[in-house]
Structures are given as C-alpha cells and as structure tokens.
Amino acid sequence: MKKFKKIILILLIIIIIFVLSICSYIFFKGFFMYKSAVSQKSIIDKFTEIQNTTDFVTIDEVPDIFIKAVVAVEDKRFYTHNGIDIRSIGRAIKTNLKTKHLTEGGSTITQQIAKNLYFTQTKHFSRKVAEAFTALNIEKIYSKKEILEIYININFYGSRILWTL
C-alpha cells in the first residue's frame with residue numbers, strides 16, 4: 001500500500017510538471033507573439049492609422065443607444081476591467097469544457113480590437129495570451145471612450161447606416 005501511494009504521488013508530480021510546462025509554453029509563445037506584433041507596428045500607429053481614415057466616425061457622432069447596445073452585447077463589464085475579464089474567461093473555459101469544443105472565447109472589446117488589428121482568427125491558446133497582453137497595453141494607453149471609438153470603426157455595421165439615420 002505504501003509503495004502504491006508513492007507511485008501515485010510520483011505520477012501526480014509528473015502530471016503537474018507536464019501541465020505547468022504546457023502552460024508555460026503557451027504563455028511565453030503568446031508573449032512573444034504579442035511582442036512581435038507590436039514591434040512591427042505599434043498600437044499608437046495602428047490607432048492613428050484608423051483615426052486618419054476618411055470614413056472614421058468619432059464616438060460623439062454615434063447614438064448613445066448604439067454604444068450602450070454594443071457594450072451590453074459584447075462586453076457588459078467593459079467599464080470595470082483593465083482589458084481582460086477573468087469572469088468571462090472562466091465562463092468560456094467552463095462552456096468549452098462542457099461542449100468539448102472551443103466555442104466561446106470570453107474576449108473583451110479590447111481583446112477583440114487586439115485580435116482584429118494584430119492576429120489571425122484561428123483559435124489558439126497562445127493567441128489568446130497575445131491578445132491579453134495587447135489588450136492590457138491598449139488599456140494603459142487609451143481611455144475607454146477612445147477604445148470604443150476604435151472598436152466601432154473597425155467592425156462592420158452596415159455602411160454606417162446607424163449614425164446616418
């Protein structure tokens with residue numbers, strides 16, 4: 001019995017080391033993916049490029065009800081997090097484990113900006129880590145109002161029909 005417990009303990013330690021190794025690999029791969037992306041074109045340069053487009057719409061031109069709807073649907077805790085929402089990520093992990101598929105991502109509005117400006121749409125854990133680093137950086141540089149402004153300008157809503165009514 002004592003030998004059996006020792007074998008179980010050794011197996012448990014091996015599994016923990018294996019899981020920590022995988023998590024570390026994903027974390028560092030995501031970090032380097034983030035560093036590579038922002039070194040090619042900075043967040044400030046990306047935002048400035050969007051703001052300088054001829055069809056750029058300021059947030060003041062958009063109906064308040066539309067902004068509230070976007071926040072309610074996309075990221076209801078937008079005003080209270082720093083770019084990543086741990087609750088949403090936890091909910092997404094729980095859903096993904098239940099369905100055994102990567103069906104939900106738990107991304108915030110800021111993470112969606114990061115993904116759309118820098119990364120591909122393919123679902124990888126390392127990309128989610130890269131998005132998180134980018135989102136934290138975006139939130140350090142820009143106000144919530146500026147982030148929403150960029151978000152509404154990089155998403156398609158039907159040829160600006162909502163704010164031309």
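Student: What makes α5 mostly covered?
Tutor: This is a predicted model, and in it nine of the 10 residues of α5 are buried. The cut-off for buried is under 20% relative accessible area. The buried residues of α5 are Ile109, Thr110, Gln111, Gln112, Ile113, Ala114, Lys115, Leu117 and Tyr118.

Student: Which helices do the buried residues of α5 pack against?
Tutor: They pack against α1, α2, α3, α6 and α7.

Student: Let's take α6 then. Why are α5 and α6 called roughly perpendicular?
Tutor: Their axes are 8 Å apart and the packing angle is about 110 degrees. Angles of 65 to 115 degrees count as roughly perpendicular, and therefore α5 and α6 get that description. As for handedness, α5 passes α6 in a right-handed crossing.

Student: Which residues meet where α5 packs on α6?
Tutor: From α5 come Thr110, Gln111, Ile113, Ala114, Lys115 and Tyr118, and from α6 come Arg127, Lys128, Glu131, Ala132, Thr134, Ala135, Ile138 and Glu139. By type, the residues of this contact divide into six nonpolar, three polar and five charged.

Student: Glu131 is in that list. How do you know whether Glu131 is buried or exposed?
Tutor: Glu131 lies in helix α6, and its relative accessibility is 0%. Buried means under 20%, so Glu131 counts as buried. Leaving out residues up to four places away in sequence, Glu131 touches Ser107, Gln111, Ala114, Lys115 and Phe119.

Student: What about Thr108? Why does Thr108 count as buried?
Tutor: Thr108 has 1% relative accessibility, and the cut-off for buried is under 20%, so Thr108 counts as buried. Thr108 is found in the loop between α4 (86-99) and α5. Apart from neighbours within four places in sequence, its contacts are Asp75, His81, Gly83, Ile84 and Asp85.

Student: How do you know which residues Ile109 is in contact with?
Tutor: Contact means heavy atoms within 4.5 Å. With neighbours within four places in sequence set aside, Ile109 is in contact with Val70, Val71, Glu74, Asp75, Phe78, Ile147, Leu148 and Tyr151.

Student: What makes a set of residues the largest nonpolar core here, and which of them have the most contacts inside it?
Tutor: A nonpolar core is made of buried residues of nonpolar types joined through side-chain atoms within 4.5 Å. The largest one has 29 residues, and Phe47, Ile109, Ile113 and Ile138 have the most contacts inside it. At least two residues of this core come from each of α1 (2-40), α2 (43-51), α3 (64-74), α5 (109-118), α6 (125-141) and α7 (144-154). In soluble globular proteins, nonpolar side chains tend to be buried together.

Student: Phe47 belongs to α2. Why is α2 called roughly perpendicular to α5?
Tutor: The axes of α2 and α5 come within 12 Å and cross at roughly 85 degrees. The range for roughly perpendicular is 65 to 115 degrees, so α2 is roughly perpendicular to α5. Here Ile43, Lys46, Phe47 and Ile50 in α2 meet Ile113, Leu117 and Tyr118 in α5. These residues divide into six nonpolar, no polar and one charged.

Student: And why is α2 called oblique to α7?
Tutor: Their axes come within 10 Å and cross at roughly 60 degrees. Roughly parallel needs an angle under 35 degrees, and roughly perpendicular starts at 65, so α2 is oblique to α7. The crossing of α2 and α7 is left-handed. Phe47, Ile50 and Gln51 of α2 meet Glu149, Ile150, Asn153 and Ile154 of α7. Four of the residues in this contact are nonpolar, two are polar and one is charged.

Student: Which residues of α7 are buried?
Tutor: They are Lys144, Ile147, Leu148, Glu149, Ile150, Tyr151 and Ile152. These buried residues pack against α2, α3, α5 and α6.

Student: Lys145 is in helix α7 too. Why is Lys145 called partly exposed?
Tutor: Lys145 has 47% relative accessibility. Buried is under 20% and exposed is over 50%, with partly exposed in between, so Lys145 counts as partly exposed. Not counting residues up to four places away in sequence, Lys145 touches Ile59 and Asp60. Lys145 and Tyr79 are 66 residues apart in sequence, and their C-alpha atoms are 9.6 Å apart in space.

How values were computed: Residues numbered from 1 in each chain as written. Predicted model: local features only at pLDDT ≥ 70, side-chain atom pairs only at ≥ 80, totals over all residues. Heavy atoms only, no water. Buried < 20%, exposed > 50% of the residue type's maximum accessible area, 1.4 Å probe, protein only. Helix = DSSP H or I, 4+ residues; strand = E, 2+ residues; numbered from the N terminus. Axes fitted to C-alpha atoms, helices over the stretch in contact; angles between N-to-C directions. Parallel < 35°, antiparallel > 145°, perpendicular 65-115°, else oblique. Left-handed = near helix turned anticlockwise from the far one by under 90°. Nonpolar A, V, L, I, M, F, W, Y, C, P; charged D, E, K, R; others polar.
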